[in-house]
Amino acid sequence: MKKLIIISLLLGLVMMTWAGYGLSKESDTLKIGFLGALTGDVAMYGQPTLAGMKMAASEINQAGGVLGKKIVIVEADNRGDKQEAATIVQRFISRDKVIAIVGDPTTGITKVAAPICERNKVILLSAGATGTGVVELGKYIFRDTLLDTVAVPALIDYFVSNAGFKKVAVITSDNNDYSVGLTQVFKNAIKGKDCTIVSDEKVKDGDKDFSAQITNIKAKNPDIIFFSGYYTEGSLIMKEARKQGMKINMFGGDGLYSPTLISLGGQAIEGSMVYVGFSPEQPTPETAKFIEKYKTANKGVIPGLFEAQGYDAVRILAEALQRAKSSQPAKFRDAVAKTKDYKGVSGTITFQANQEPLKSPVYLLEIKNGQFALKAKVPVK
Amino acid sequence: MGNFLQNVVNQIDPYVMQILVNIGIGIILALGLNVITGLAGQLSLGHAAFMSIGAFTGAILTIKLGMPFGVNLLCSGFMAALFSVLIGFPTLRLSGDYLAIATLGFAEILKVVFLNLDITNRALGLSVPPPYSSIPLPVYVLISVVLAVTALALMQESRFGRALKAIREDEIAAEAMGVNATRYKIQAFAIGSFYAGVGGCLYAHFIAYINPSDFGFLKSIDILNMVVLGGLGSIPGVILGASLLTTAPEFLGFMKQYRMLVYGIILIILMLFRPNGLLGGVSFKEMVLKIFRKRTQPSRA
């Protein structure tokens with residue numbers, strides 16, 4: 001009997017918390033859900049995204065809100081767990097009645113959230129997903145990131161014509177979906193260009209020893225190394241290359257774009273390059289204003305790519321609401337889809353007919369004296 | 001029929017439904033591990049690997065062949081069971097904890113294999129379309145849970161179940177009494193993995209996107225947690241464990257970042273005060289009978 005009481009108490013507790021979610025109903029607000037991780041392995045993407053979103057919301061609200069209503073950011077922590085993310089999306093939609101969801105910064109969870117959002121006609125605007133097969137999942141699925149399929153061809157052209165590179169070595173981290181996808185994009189983009197892949201090496205996230213791969217690459221004598229993975233492995237790869245006496249540099253996507261790349265890589269990483277859609281190093285006037293405001297609001301912390309993308313996401317949604325004059329799903333969706341030349345802090349954004357964003361320019365950053373410095377603004381055709 | 005069931009499902013709040021389906025899938029996975037670890041006493045640390053076999057089999061059958069979902073579920077289960085026999089045959093002939101090591105290794109190998117196969121789309125994972133069936137997915141989950149619980153309850157009281165318990169308590173004594181320990185252990189392992197395969201197939205279609213990295217060591221430990229927390233070998237215990245651990249992130253949500261800290265503390269306290277799990281030693285049959293007796297003879301209560 002005692003056990004039955006304990007069980008029913010526990011069940012009661014569960015029910016109570018469920019019921020609690022339905023209680024707060026305010027019709028004078030527009031709710032936007034934040035989908036992302038605040039704890040766990042990918043919290044470094046989720047936390048800044050949320051900070052950027054909150055800043056955008058408070059700015060919009062101070063200016064009088066949208067359609068006479070205030071924007072409220074509803075947040076939840078999915079820990080980077082797919083099952084939990086699905087539950088959170090469902091809760092956002094059926095309990096919180098959000099009009100749109102911003103997130104997840106990672107491709108995998110965006111793909112989990114997309115079918116649910118599409119089914120319920122709620123806009124999902126990912127501020128970070130760069131992988132393939134995301135917007136194809138539905139008409140209500142958008143993203144505001146710089147796409148590798150857009151950036152990589154422009155960069156290859158830049159390297160071939162400006163630096164005269166002919167031979168490139170590719171390194172892929174084959175247990176990292178971002179890296180595998182980016183390598184695919186790179187291989188497709190290089191076809192027909194005056195540049196060949198002379199070495200195609202595989203590593204794994206978490207590897208510490210890259211001597212075998214670098215030895216192979218050294219034998220092929222390439223002009224540059226393209227590494228599609230994350231910064232930790234990136235800096236260790238360059239350390240190994242320098243140890244073996246190689247003079248060439250590395251370049252890669254925004255997976256490498258972290259201060260850790262430099263602090264870990266030290267001298268070895270000098271001269272390596274990353275391409276990004278947002279660069280606090282050489283800001284446009286809009287971006288400079290954003291950086292200043294963010295710094296005053298956040299104790300001098302300099303915002304990065306994810307803060308900027310989260311900020312832009314909320315701004316794009318607010319702007320679309322204003323144009324649609326309604327938060328009715330179909331009208332709202334069409335207004336978001338018609339976003340054109342939006343001057344965001346993370347670049348100029350236009351949504352194409354297939355909901356894919358076109359962002360220009362691409363910022364190519366070079367590491368100089370232990371800092372990211374702008375090397376070139378590469379225009380996108 | 002399909003339309004009617006769809007209407008019934010639509011009556012339930014989608015958020016509650018989401019949690020209920022998560023619980024259901026958790027129960028199926030945990031019951032499977034319960035057969036292996038709870039009944040037969042063999043520690044498997046690769047339950048998520050068998051789940052991933054079911055998930056990828058189910059996803060590929062739906063994508064490539066458009067197979068009806070009911071058949072698909074069975075195929076996924078059998079595929080997982082097949083692999084478990086291949087792993088179990090060499091390792092379960094030995095006594096001791098070799099299965100734990102073998103399954104641990106198998107899970108890692110399988111993850112690397114899936115990360116390098118074209119049919120599983122490598123590290124990019126698979127987006128899974130809705131199942132080919134007019135009956136909604138939650139109904140399949142409900143039916144699977146009911147079947148899984150019934151089958152396990154019957155199994156526990158059968159000659160087979162008693163043989164497994166004998167092996168768990170003392171393998172040498174069981175062998176001396178004429179129980180073919182190897183055969184029974186492999187059978188238990190296959191049944192448990194079948195459950196995992198079915199659970200994985202349901203998971204894949206419910207979450208709609210799977211990636212080999214989702215089925216790592218931590219997922220196996222999650223499932224093991226459900227079984228141990230609820231009570232090894234007890235069906236009501238496993239159901240309770242699966243329900244609690246699946247909903248834990250939801251009702252601890254108000255604690256924000258400290259949630260996982262509290263979750264860990266709760267687990268430690270529970271293991272200190274109830275080392276056999278919440279409902280350790282509680283049998284499904286006895287529980288049902290108890291309720292039934294109270295109903296028919298209220299004067300004795």
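How much area is buried between domain 1 of chain A and domain 2 of chain A? I looked this up and found about 700 Å², with carbon and sulfur atoms giving 68% of that area. Buried area here is the accessible area (1.4 Å probe) that two parts lose on being put together, summed over both.

**Entry 1: ground rules**

I note that this is a predicted model, in which local features need pLDDT of at least 70 and side-chain atom pairs count only at pLDDT 80 or more, while totals for chains, interfaces and linings use all residues. Residues are numbered from 1 along each chain as its sequence is written, chains are lettered from A and ligands numbered from 1 in the order in which they are written, and side-chain values use heavy atoms, with hydrogens and water left out.

**Entry 2: confidence**

I checked pLDDT, the predictor's confidence in each residue, from 0 to 100. Chain A averages 89, with 93% of its residues scoring at least 70. Where pLDDT is low, the predicted coordinates should not be read in detail. Chain B averages 90, and 97% of its residues score at least 70. I also noted ipTM 0.88 and pTM 0.87 for the model.

**Entry 3: the two domains of chain A**

I took the bounds as domain 1 (27-146 + 285-360) and domain 2 (149-276); they come from an automatic or database domain assignment. The domain centres, taken over C-alpha atoms, are 30 Å apart. I found 8 residues of domain 1 of chain A in contact with 8 residues of domain 2 of chain A. The rule finds 0 residue pairs in polar contact across this interface, both residues being at pLDDT 80 or more. A polar contact is a pair of N or O atoms within 3.5 Å; within protein, one must be able to donate a hydrogen and the other to accept it, and residues adjacent in sequence count only if both atoms are side-chain atoms. On the domain 1 side, helix H2 (43-62) and strand S13 (357-360) of chain A are the elements that give two or more residues. S13(A) gives the largest share, 3 residues.

**Entry 4: chain B against chain A**

I found 33 residues of chain B in contact with 36 residues of chain A. The two chains bury about 3,400 Å² between them, 63% of it on carbon and sulfur atoms. In chain B, B:Tyr15, B:Leu124 and B:Tyr209 lose the most area to chain A, together 19% of what that side buries. The rule gives 8 residue pairs in polar contact across this interface.

**Entry 5: salt bridges**

I counted a salt bridge as a side-chain nitrogen of Lys or Arg within 4 Å of a carboxyl oxygen of Asp or Glu. Between chain B and chain A there are 3. In one salt bridge the side chains of B:Asp13 and A:Arg95 meet at 3.3 Å, N to O. Between the two domains of chain A the count is 0. Over all chains the structure holds 20. A:Lys293 forms one with A:Glu59, the closest N and O atoms being 3.3 Å apart. A:Lys293 lies in helix H10 (residues 285-297) of chain A and A:Glu59 in helix H2 of chain A, so this pair ties together parts 234 residues apart in sequence.

How values were computed. Contact means heavy atoms within 4.5 Å. Helices (H or I, at least four residues) and strands (E, at least two) are DSSP runs, numbered from the N terminus.
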